[in-house]
Amino acid sequence: MTHTRGEPVEILLAEDNPGDAKLTRKALKQGDIINNLHVVTDGVKAMSYLNQEGEYADRPRPDLVLLDLNMPRKDGREVLKEVKEDPDLRRIPVVVMTSSAAEEDIIRSYDLHANAYLTKPIDFDGFLDVVGSIEEFWLSVVKMPPE
Amino acid sequence: MLCVASDEALLSSLVSGLERADPDIRPLEARTLAQAFQVIDAENPGCVVSALSLADVDGVQFLRQIRAKYDDLPFVLVADRGSESVAADAINEGVDGYVPYEDELGDGAFETLVDRIETVVRNYHSYQRFKDATDLLFRLTEYTTDVLWMFTDDWEETVVINEAYEDIWDRRQADVIEDPADFLEGVYPDDRPGVLEKMEVISGGDPADLEYRIRTGDGVAWVSVHAEPVLSDGEVEYVAGFSREITERRESTKQLEALVENLPVIVFTLDADGVCTTSAGAGLEMLGLEPDELEGLSIYEAYAEHDDLVDAVDRALDGEELRVTLEVEGFVFETWYRPVFDEAGNVVEVVGVSHDVTRLKEREDLIERVNEATRELQNARTGAEVGRVVVEIIESVIGCPVTAYWRYDDENDRLEPTAASEPALDIGDNDDVSDLPHIEAGHAEMEVFRTGESRWVRDYADLMNPAHEAADLGRLLLVPLGDHGMVNIGHAEPGEFDDFDRYLVEILGQTATSALDRVERERALESRTAELERSNESLQQFAYVASHDLQEPLRMVSSYVSLLEAEYGDMFDEEATEYMHYAVDGATRMQDMIDALLRYSRIRTEGDDFVEVDLEAVLDETRRSLKLLVDEGEATVRAGDLPRVTADRSQVGQLLQNLVKNAVEHGGPEPTVEVDAVVEGDRVHLTVADDGPGVDDSQHERIFDIFKSNSDGTGIGLAVCERIAYRHDGDIWVESDPGAGATFHVTLPAVDADPDPGLDPQSAAADGGHG
């Protein structure tokens, strides 16, 4: 996976709560990194998107996945597990968005190897901070030597 | 003193002369023999002084007549010189004194006479005393119950034998006086040779002791004889001794012998070389030995192959008194060896008693085997398993083949067959234990079960309304196991199954009852535990779901209010802005509470392992994390020497932090907080004291309720502390005097004095990183 600065970053947000999705989108817009945000509202759709199946056949493979844990049909844990077990998908960085630090502890305990964990903030300023963290994380990923 | 003379002059001279010579003498007078007899009979004089010739008889004849009538009365003859021949006759006749005189009785003659009379009288008196003593002695022999006897050395003549002979021998004394052989006639014929042999020994000059039987009118008596030769000039002159009746003693000895001979014991003595000198007892027969077969045999040779026996005899001969149990010829004997010492302390003999403890040993072994087997009951997890083990033990160990266990089914009030031996199933041609009949209310067996006491049934057919109506079960033992069930043991013939077996079964029954009680308790505990686990799990699930699901709408509220403020804030007036702050603040606090609730719910399930924790280090961390709070409140946190505890390090950190924080927040102005901890047995007693207004009595319990305290801003701090203390099997409480501050007490496990070497140092180190 290569990426050069200037090209928009393809981000897949798997989030069933439109309020959260909107806040994330808003915060990303205010950030420094040019991005294309794609939103899916459940785990099944997320997997179809990642595998470029059905309606998502011509969508670009995302550079980064922002994954909510609690989603209908297939929750974030299952999505994370499938991604990390799929040799084609495992290199895509996944940032798990949790509702609380306690929830983060729980998902960590499953040992599913998310690349980062972020706790969803409770106000918009917090969202801006979170987006800042995502950008920081992203930059650290692209600085890594191409494999 | 009687003076006798026919010559008047001589008589008066005698009388006056004697009176003159000794004033103590009172002379009596007699002139004739007849007169002399009269005076002797009337006056009983101590001595007779007589002239040689009297009117009717001469002196010698007079003496003869006196001797015939009074044979020991002293008699002194006074005669003039020239009658020496008469004097010689008188001496031959036994005169006690003879005093000659010249023509007339002069004074010199009287002195001689008095002197002579005194000697005679003195001799007479000592003879009288001797005679009296001899009489007494002889009378005494008549009183003794022993036969005292003396025969000539050839046993031909009897010298003396007392009347006791008649009592013991049951023969006439006169006959044995007549002929000593009479006593031999009385001796029991079988014992006669032994008696004759001893008689020769005594005649040969040696003493002898002998016990033999004599025939008496009403049977046989035993006598014990001690006899000695009586020597004269080195030659045996007489044989003498005494014979005592010892029938009673012999009888009791005989009874004792009979007792020993019939008891199942072996009584023996061994000499200093380990050779058997006596042996008796019915125990010998068990070993196939005749009563005296062992005698003369060395134990070392006879029992050479029995190392333990040889060892015991060795030790006894070395002076040790000991009791050993060992097996000989298939029997188990317990033997008591007791050494007998001489005055120098050397073992001269060992006496011993062995008794057969084979049966006892078998029973001991059986008890041991039953004990061993009942251990399996401890592992039984179900009542049916207990039943199976009990049936198995009774069948294979105690040896009663027909055995089955019925479990009490309290819902249906009946006993249902749960376990049975093969022979028990065979009785009614049953394939499976469930084919056996149930014991219902009203059945005889049920009545026994209800009493809770084991019971013998002599014949099953005699029972009123038995459960197996058609079965011929014969003798039956029913043993209820508490209220759990009942064991039935059937077909035991009398003798096959004794009281001891019953006793064993009852003991087994008690053990089985305990096992069934335990199984019941465990089942109840297991089900309660499982229930608790389920409820705990759902609580976890609930807490997680609730916190997550609550947070999402909450975040919507707060996020969008803040977004509203960010994007449209310039359109709001000051008051509207303030409202929005309240909304955000409320949402924030609610989120904290939800987080706290989630953490609280996870203390029990998500904790770390217990390790050794240094409270001093934990307190240092607490000081660091509360530095801001402490500094701002100008508080002082003081601590004594704190011991180590065994705990979840992270949770102890949280506990201490919550308590210190609570104390700072509730202390007085510029609060002082005192932290201390002491080891009390296997617990560490931790205290955190503040100097605030204290806690009202009514609040002592409530402050530990969730959301009731306010130590961490969410009202959950003390509730968390309580849950942590409980997880550590400890306790927490508050003591407070209003106005004098509050002291929180917590007990935690102390560090084991002897730390478990299995404690994983890795986990301790890894945990150290948590705080």
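**View 1. Domain 4 and domain 5 of chain B in a predicted model.** The centres of domain 4 of chain B and domain 5 of chain B, taken over C-alpha atoms, lie 40 Å apart, with domain bounds that come from an automatic or database domain assignment. Nine residues from domain 4 of chain B and ten residues from domain 5 of chain B take part in the contact, where contact means heavy atoms within 4.5 Å. This is a predicted model, in which local features need pLDDT of at least 70 and side-chain atom pairs count only at pLDDT 80 or more, while totals for chains, interfaces and linings use all residues. Residues are numbered from 1 along each chain as its sequence is written, chains are lettered from A in the order in which they are written, and side-chain values use heavy atoms, with hydrogens and water left out.

**View 2. The area buried between these two domains.** Domain 4 of chain B and domain 5 of chain B bury about 900 Å² between them, 64% of it on carbon and sulfur atoms; buried area is the accessible area (1.4 Å probe) that two parts lose on being put together, summed over both. On the side of domain 4 of chain B, the most area is lost by M593(B), Y600(B) and R602(B), together 61% of what that side buries.

**View 3. Chain B against chain A.** Here 17 residues of chain B are in contact with 22 residues of chain A, and Y544(B), H548(B) and R555(B) lose the most area on the side of chain B. The side chains of R555(B) and D20(A) form a salt bridge (2.2 Å, N to O), a term for a side-chain nitrogen of Lys or Arg within 4 Å of a carboxyl oxygen of Asp or Glu.
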